Amino acid sequence: MKSFEKTFTQQESIPEDGIARAVEIMRTGRLHRYNLAEGEESEVSLLEKEYAEWQGCTYCVACTSGGYAIALALRLVGVKPGDRVLANAYTLAPVPGAIHNVGAEPVFIEIDENYHMDCADFEAKAKSSGAKVLLLSHMRGHIADMNAIMDICGRYDITLVEDCAHTMGATWQGIRSGNFGKVAAFSTQTYKHMNSGEGGFLTTNDPDLAARAVISSGSYMLYARHGAIPEQEYFDAVKYDAPNYSGRMDHLRAAMLRSQMPHLEQNVNRWNVLYDDLHRRIDMIPGLTIPARKQDEAYVGSSIQFRCDAVDKMDIPALIGTLANRGVELKWFGDDEPRAFTSRYDSWQYIADMPHLPRTLAVLEKTVDMRIPLTFDLADTALIADIIANEMAAYMNRKANTA
Ligand SMILES: *Cc1c(COP(=O)(O)O)cnc(C)c1O
């Protein structure tokens, strides 16, 4: 029986020019973003300019992590302790963590069988909770119906904050994710679409919010050394009021990220070649259901999700174990117990008002997730799909024989 030998957590190396630049920066000893020689341009500021331009937004602040950017974004749109924040229940732990970090309480919204925010439930909860902020996670790259989301936000006077940790480079009806809300957060943590180990961006087109973001990210009064910032008058208006929540990016990470920027577009295509091949193959496997991607969405297929609809919930751990023995690493979003990076909303027990979301639980109960690193190729996706097909067939046979 064939096994898959590559590692699902193996990312590509940092481009050579990024490594060279990082080493050069280490030799200068000037690693802090405001530690510059006379006339020297800050590596972090250059990155902010380049990212803002690529993203198609006006302002960008590089910071220590995506989770940091989300918490800062929530503070900047005015979330106060005790406030409620609407959020999709299918997300990753740093999202409710960011809401908790600002002292607020999440109001979780159901997802549908395609992993999108359920807009009927969103509207019902917008009405019943009175919450004025929606933190929308484009979880695993599945972008909800943004026309419906924006319409509900408009009608209930809700400010949209986008978590684009899985959608850097993705678009919906031609608009890049992150450009719908008042403010967006991106992550450059190792497993996202650019890799600096840890890191993130906050982006916005709002000059007042941008000025406060720069100062609160920890600029002291050195904000003029930033790359993509508003006019001085916006800083004058807020510089005595914006607290310093120290969370700056450094030159080393910026050098790594700048070297990846020119490859980002091409990497999106490389991910989708692998994703589309896996999607097509998994779609043919009896017993598995892979949600169709909406036409409106141009995704970045850096991971794939599908449902084991023909597998009983109690049999899923064994199936995942069998696949792991053959080198195919799947994560299960339906596990009662949180494991590694994966947890279900009801395991975040610090949340006071835990809802029961039957639709979300039913979808996640059968959902598995697989990373698609760019170190894989089409021979790998073929082998992975073969192994999954093989083990699914064996399971279906056993099930038929014991029935
Ligand atoms: C990774 C991730 C984050 C947080 O990013 P970090 O940079 O790791 O803090 C937020 N939301 C989602 C959906 C993520 O996957």
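D250 caps helix α9 at its N-terminal end, with a side-chain oxygen 3.0 Å from the backbone nitrogen of L252. The model is predicted. Helix α9 spans residues 251–260, and seven of its 10 residues are buried, so the rest of the structure largely encloses this helix. The buried positions are H251, L252, A254, A255, L257, S259 and Q260. Among the elements that cover them are α1 (16–28), α2 (43–55), β9 (200–204) and α10 (264–283).

R258 forms a salt bridge with E43. Because R258 lies in helix α9 and E43 in helix α2, this pair ties together parts that are 215 residues apart in sequence. E43 itself is buried, at a relative accessible area of 4%.

A salt bridge also links R21 to E43. Here helix α1 contributes R21 and helix α2 contributes E43, so the connected parts are 22 residues apart in sequence. R21 counts as partly exposed at 25% relative accessibility.

The count of salt bridges comes to 33; three of them are tabulated here.

| Salt bridge | Closest N to O distance |
|---|---|
| R21 and E43 | 2.8 Å |
| R258 and E43 | 3.1 Å |

Salt bridges with shared partners join R21, E24, E43, E50 and R258 into one network.

The structure holds zero disulfides. The sulfur of C60 is 6.0 Å from its closest cysteine sulfur, that of C57, which is too far for a bond. For C63, the closest cysteine sulfur is in C60 at 8.3 Å, again too far for a bond. C60 counts as buried at 0% relative accessibility, and C63 counts as buried at 1%.

Methods. Residues numbered from 1 in each chain as written. Predicted model: local features only at pLDDT ≥ 70, side-chain atom pairs only at ≥ 80, totals over all residues. Heavy atoms only, no water. Buried < 20%, exposed > 50% of the residue type's maximum accessible area, 1.4 Å probe, protein only. Helix = DSSP H or I, 4+ residues; strand = E, 2+ residues; numbered from the N terminus. Contact = heavy atoms within 4.5 Å. Polar contact = N/O pair within 3.5 Å; in protein donor to acceptor, adjacent residues only side chain to side chain. Disulfide = S-S within 2.5 Å. Salt bridge = Lys/Arg side-chain N within 4 Å of Asp/Glu carboxyl O.
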